[in-house]
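Colleague: Hello! Could we walk through this model together, one question at a time?

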Amino acid sequence: MSGFRPANDLERALVAAADDPANTPAFYRTLIDSTLLVIEESAAPEQPGQRTLEAGTLLHLRPIEIDGQPYVPVFSAISGLQAFID
């Protein structure tokens with residue numbers, strides 16, 4: 001992950017797991033408690049901002065294509081999301 005600067009505990013755990021697979025369980029534990037940011041395809045919510053989803057909530061995530069393959073971008077820091085959008 002050359003040049004990547006972690007912005008939060010989740011990203012630091014990701015780097016640690018990438019460097020040493022023994023850190024993977026700690027990454028997953030951190031992931032469970034982390035806030036994730038995604039881009040929805042649906043119309044903008046009536047009230048923008050952070051929201052916590054109820055179990056069973058259906059999301060329509062916006063995929064991107066890289067080399068002909070679809071991916072769903074997920075971010076753990078607003079700075080990463082903003083850089084992606086810009």
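Colleague: Of the contacts in the protein with a separation of 6 or more, what percentage comes from residues 24 or more positions apart?

Modeller: Good place to start, and please keep in mind that this is a predicted model. A contact here means heavy atoms within 4.5 Å. Among contacts with a separation of 6 or more, the share from residues 24 or more positions apart is 35%.

Colleague: In what order do the elements run from the N terminus on?

Modeller: Let's begin with the inventory: the protein has three helices and four strands. Reading from the N terminus on, the order is α-α-β-β-β-β-α.

Colleague: What percentage of the residues of the protein count as buried?

Modeller: To be called buried, a residue needs under 20% relative accessible area. The protein has 86 residues. The part of them that counts as buried is 15%.

Colleague: Is Asn 8 buried or exposed?

Modeller: First find the residue: Asn 8 sits in the segment before helix H1, which covers 9–19. Its relative accessibility is 17%. The cut-off for buried is under 20%, so Asn 8 counts as buried.

Colleague: Why does Glu 11 count as buried?

Modeller: Glu 11 lies in helix H1. Not counting residues up to four places away in sequence, Glu 11 touches Phe 4, Arg 5, Pro 6, Ser 76 and Ala 77. The label itself rests on accessibility: buried means under 20%, and Glu 11 counts as buried because its relative accessibility is 12%.

Colleague: How many Å separate the C-alpha atoms of Glu 11 and Pro 45?

Modeller: Along the chain, Glu 11 and Pro 45 are 34 residues apart. For a sense of scale, the C-alpha trace of the protein spans about 40 × 30 × 20 Å along its principal axes. The separation between the C-alpha atoms of Glu 11 and Pro 45 is 28 Å.

Colleague: How far apart do the centres of the positive and negative side chains lie?

Modeller: Let's take the two sets in turn: there are 5 positive and 12 negative side chains in the protein. The distance between their centres is 6 Å.

How values were computed: Residues numbered from 1 in each chain as written. Predicted model: local features only at pLDDT ≥ 70, side-chain atom pairs only at ≥ 80, totals over all residues. Heavy atoms only, no water. Helix = DSSP H or I, 4+ residues; strand = E, 2+ residues; numbered from the N terminus. Buried < 20%, exposed > 50% of the residue type's maximum accessible area, 1.4 Å probe, protein only. Lys, Arg positive; Asp, Glu negative; His and termini not counted. Charge placed at Lys NZ, Arg CZ, Asp CG, Glu CD.
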